[in-house]
Amino acid sequence: MSKRVFLTRYLVEQQRHDGRIPPELRLLLEVVARACKRISLAVNKGALGEVMGSADSENVQGEVQKKLDIIANEVLIEANEWGGHLAAMASEEMEGIYLVPNRYPQGEYLLLFDPLDGSSNIDVNVSIGTIFSVLRKPEGDRGVEESDFLQPGCQQVAAGYCVYGPQTTLVLTVGDGVAMFTLDREQGSFVLTEENVRIPEDTKEFAINMSNMRHWDEPVRRYIDECLQGKEGPRGKDFNMRWVASMVADVHRIMTRGGVFLYPWDRREPTKPGKLRLMYEANPMGWLIEQAGGAATNGRQRILDIAPRTLHERVSVILGSKNEVERVTSYHNPL
Ligand code: AHG
Ligand code: MN
Ligand code: MN
């Protein structure tokens, strides 16, 4: 039997390999992975733990918080605040940034996360996940401010997600391709199960919430309409549709077998650029997808080039198989 490579070894080798990741970043990723393990255990308990249902509170975006949203947020903060690798954190579940308390050493990195993605699926036992993004703290001796987080996605130094499904899978990039790790529950360790993940450039599978169709803009309507016409239409092939309603699960399927995911701007709330959040959903996922050979845009420009203006900024998202994303983007940007 070939030797198993655990996450720790993978990260140590990344560090040794021309110093691809500094020791502090290695520690950070280990700590995030450990937090994901704890969240995975809480998720698995389900009705046997105090994890189901609503927490009777709202987050900054006006969304009802589930108990697990809050638990996952606390687990990530507690795991990360004392190690000396971070200066501050930001989360979907916290209005402002969280500064590492000054009783702990201050590190060079900023961590952003969506602690629990796919909240509506918790109580129905469907895959959910955690998404995270790592940035470097800008140079200088002054304390960290919210504006320090407002860096475009192309400046991320690490990004990943962990999907809590039939298996718990951690998917990671440090800018050198995408690696996948499966949690061995008996051993409590993440084991490398795929390296150099590649997303096929073409696909016959799309993911979009079709119930919003009447609110879409013309380019998205045209794209989906052409897919729906199947073999007889301009695309000349039949398409399949999937929508889990957990971005992690939909992105993970695309990582595994290709596809295109759309959560576009729509007319329900015309002043909002979209539903998903740029800094801790679209940026990390966009970078992972690009690192696996796919593409990610907001219909008009590359997600990773968007200069964020606020921490909880929303964005229209089209990502996945390269040729399909380029097609939808070209419908938004006619020559
Ligand atoms: P979150 O649970 O972190 O708020 O994110 C939910 C997001 C995303 O995971 C998913 O793709 C989308 O919301 C589902 O939206 P609909 O309910 O409109 O399908
Ligand atoms: Mn989310
Ligand atoms: Mn969330």
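**Conventions.** I numbered residues from 1 along each chain as its sequence is written, with chains lettered from A and ligands numbered from 1 in the order in which they are written. Because the model is predicted, local features need pLDDT of at least 70 and side-chain atom pairs count only at pLDDT 80 or more, while totals for chains, interfaces and linings use all residues; side-chain values use heavy atoms, with hydrogens and water left out.

**The shell.** I found 18 residues around ligand 1, and those that come nearest are Asp117, Gly118, Ser119, Met247 and Tyr263. A residue is near if one of its heavy atoms lies within 4 Å. I sorted the shell into seven nonpolar, four polar and seven charged residues, where Asp, Glu, Lys and Arg count as charged and Gly is among the polar ones.

**Sources of the shell.** I noted that β5 (109-117), β13 (260-263) and β14 (276-277) each supply at least two residues. Of the strands (DSSP runs of E, at least two residues), β5 gives the most, with three residues. Domain 1 (7-194) and domain 2 (205-332) each contribute at least three residues; the domain bounds come from an automatic or database assignment.

**Polar contacts.** I looked for pairs of N or O atoms within 3.5 Å. The side chain of Glu92 has an N or O atom 3.0 Å from an oxygen atom of ligand 1. I recorded 3.0 Å for Asp114 and 3.0 Å for Asn209, in each case to an oxygen atom of the ligand.

**Cover.** I read that the protein covers 87% of the 470 Å² of accessible area that ligand 1 has on its own, by the Shrake-Rupley method with a 1.4 Å probe.

Note on methods:
A polar contact is a pair of N or O atoms within 3.5 Å; within protein, one must be able to donate a hydrogen and the other to accept it, and residues adjacent in sequence count only if both atoms are side-chain atoms. Helices (H or I, at least four residues) and strands (E, at least two) are DSSP runs, numbered from the N terminus.
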